[in-house]
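Subject: Structure handover and side-chain contacts

Dear colleague,

I am handing over the structure we spoke about, and I would be grateful if you could look through it alongside the notes in this email.

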Amino acid sequence: MRGVVSAGMTAAIERLGLTRCFDVVVGSSAGALNAAALLGGVARPAAAMYHTVLASRRFVNPVRLLFGKPALDVRFVLAHADGDLDAERHQRTIASPIAFHCVALDVDSAQSREFSGMQTKDELWQVLLATTRMPWIGGEPVPIGQHRYIDGALTCPIPVGNAIDAGATHVLVLQTRPYGVPRSAGGRVGESLIARYLRRLNPALVPLWHARIDLYEELVDDIARRSGSPNGDGPYVLGLRPPAGTPCVTQLERRPEILLRAAQDAERLVEQTFAP
């Protein structure tokens, strides 16, 4: 649900007519959903989903974990359609001239894998389900081919390197945590349950889980360094991040007023940065 921040940012990018400024869009986890919405031309209604359709027990319901079911139902997000979010948006994402790269974590090799060139809606859905499959909370790994995948953010929370490897010379990074808010571990019980779940899948995943916070902070520091040196050697990176003091949205937030405010603040940040 913290993805509402980057969703608000993509909504502003779309509304300002800046989408076609990009040659490639890269995302992992909720960022991949927002990227697909941007390329499908529905970034604004997709951002509104966070504080309307998704702010419900139909999408987020931790109680389901007690019955062995996932707390998050991302397939519900993909299948939802209404007057603003038409069912053809997935085909437009696939047909977009802007390349879409999506990162997920291969359970068996404990390595990140980047997906691109999806040709059908089913292929796109499987990749989006894979990159958003939070361990334990989101359900069992998503099979694609002979491999199983989970949340790409575990090893690639901010895929700046993937964009650069794809040939990007200038990178706009949409960050969801405000300045001054470091990534932190969850509660002790939750951390233990997820570590046990990952050990069952593949013991090699457990060190990745424990190292995720340090990895994230290293990425954030690198983005800040690159953003602060706009005249240095390329590739050039600009990180957009909510200012200090902005409330940080939690992963399972359901209060519509909190989510709406986060989306509006994120839109305003993009406007202040890029609007004429």
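Predicted model: local features only at pLDDT ≥ 70, side-chain atom pairs only at ≥ 80, totals over all residues.

Salt bridges

A search of the whole structure gives 12 salt bridges, and I describe some of them here. Among them is the contact between the side chains of Glu 14 and Arg 44, which meet at 3.2 Å, N to O. Because Glu 14 belongs to helix α1 (residues 4-15) and Arg 44 to helix α3 (residues 43-50), this pair ties together parts that are 30 residues apart in sequence. The two partners are placed as follows: Glu 14 is buried, at a relative accessible area of 13%, whereas Arg 44 is partly exposed, at 44%.

Another salt bridge joins the side chains of Arg 15 and Glu 271, with a distance of 2.3 Å, N to O. Arg 15 is in helix α1 and Glu 271 is in helix α10 (residues 256-274), so that this pair ties together parts lying 256 residues apart in sequence. Arg 15 is partly exposed, with a relative accessible area of 36%, and Glu 271 also counts as partly exposed, at 27% relative accessibility.

Aromatic rings

The structure holds one aromatic pair. The ring centres of Phe 115 and Tyr 149 are 5.1 Å apart and the ring planes stand at 75 degrees, so the pair is edge-to-face. It links distant parts of the chain, with Phe 115 in strand β3 (residues 111-116) and Tyr 149 in strand β5 (residues 147-150), 34 residues apart. Both Phe 115 and Tyr 149 are buried.

Charges over rings

Arg 212 lies over the face of Trp 209, at 3.5 Å from the ring centre, and Arg 241 lies over the face of Tyr 179, at 4.9 Å from the ring centre.

Methods:
Residues numbered from 1 in each chain as written. Heavy atoms only, no water. Phe/Tyr/Trp six-rings, centres within 6.5 Å; stacked < 30°, edge-to-face > 60°. Helix = DSSP H or I, 4+ residues; strand = E, 2+ residues; numbered from the N terminus. Buried < 20%, exposed > 50% of the residue type's maximum accessible area, 1.4 Å probe, protein only. Lys NZ or Arg CZ within 6 Å of the ring centre and 35° of its normal. Salt bridge = Lys/Arg side-chain N within 4 Å of Asp/Glu carboxyl O.
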